Amino acid sequence: MIGANAGRLRSERRISQSELARMLEVNRSHINQFEAGKQNVSIDYLVKIADGLDVSVVEFFSGLGGASPRRIVEKEE
């Protein structure tokens with residue numbers, strides 16, 4: 001869910017995965033995997049993405065409310 005929020009924020013800013021990957025100096029597939037919920041990332045990585053998107057890290061957790069930690073990291077089925 002965090003990755004999906006990151007993807008939404010990226011799209012809202014009209015930044016492609018390739019552009020974001022260039023800003024972060026990572027492979028585009030890393031961005032794709034994260035947004036698809038197939039890869040967990042560190043807080044440091046979230047901070048880099050937030051900086052690239054010019055948003056607060058808290059934005060990635062939008063809509064998660066009282067979700068349990070397990071629910072936050074699980075993929076939506």
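Residues are numbered from 1 along each chain as its sequence is written, and side-chain values use heavy atoms, with hydrogens and water left out. Because the model is predicted, local features need pLDDT of at least 70 and side-chain atom pairs count only at pLDDT 80 or more, whereas totals for chains, interfaces and linings use all residues.

Buried means under 20% relative accessible area, exposed over 50%, and partly exposed in between (1.4 Å probe, protein chains only). Helices (H or I, at least four residues) are DSSP runs, numbered from the N terminus.

F60 has contacts (heavy atoms within 4.5 Å) beyond its neighbours within four places in sequence. These partners are M1, I2, N5, A6, L9, L46, I49, A50, L53 and V55.

Two loop residues stand apart in backbone angle. Most residues other than glycine have a negative phi. R14 is not a glycine, yet its phi is positive, about 55 degrees. R14 sits in the loop between α1 and α2. R14 counts as exposed because its relative accessibility is 78%. D54 is not a glycine either, and has a positive phi of about 60 degrees. The loop between α4 and α5 (69-73) contains D54. At 70% relative accessibility, D54 also counts as exposed.
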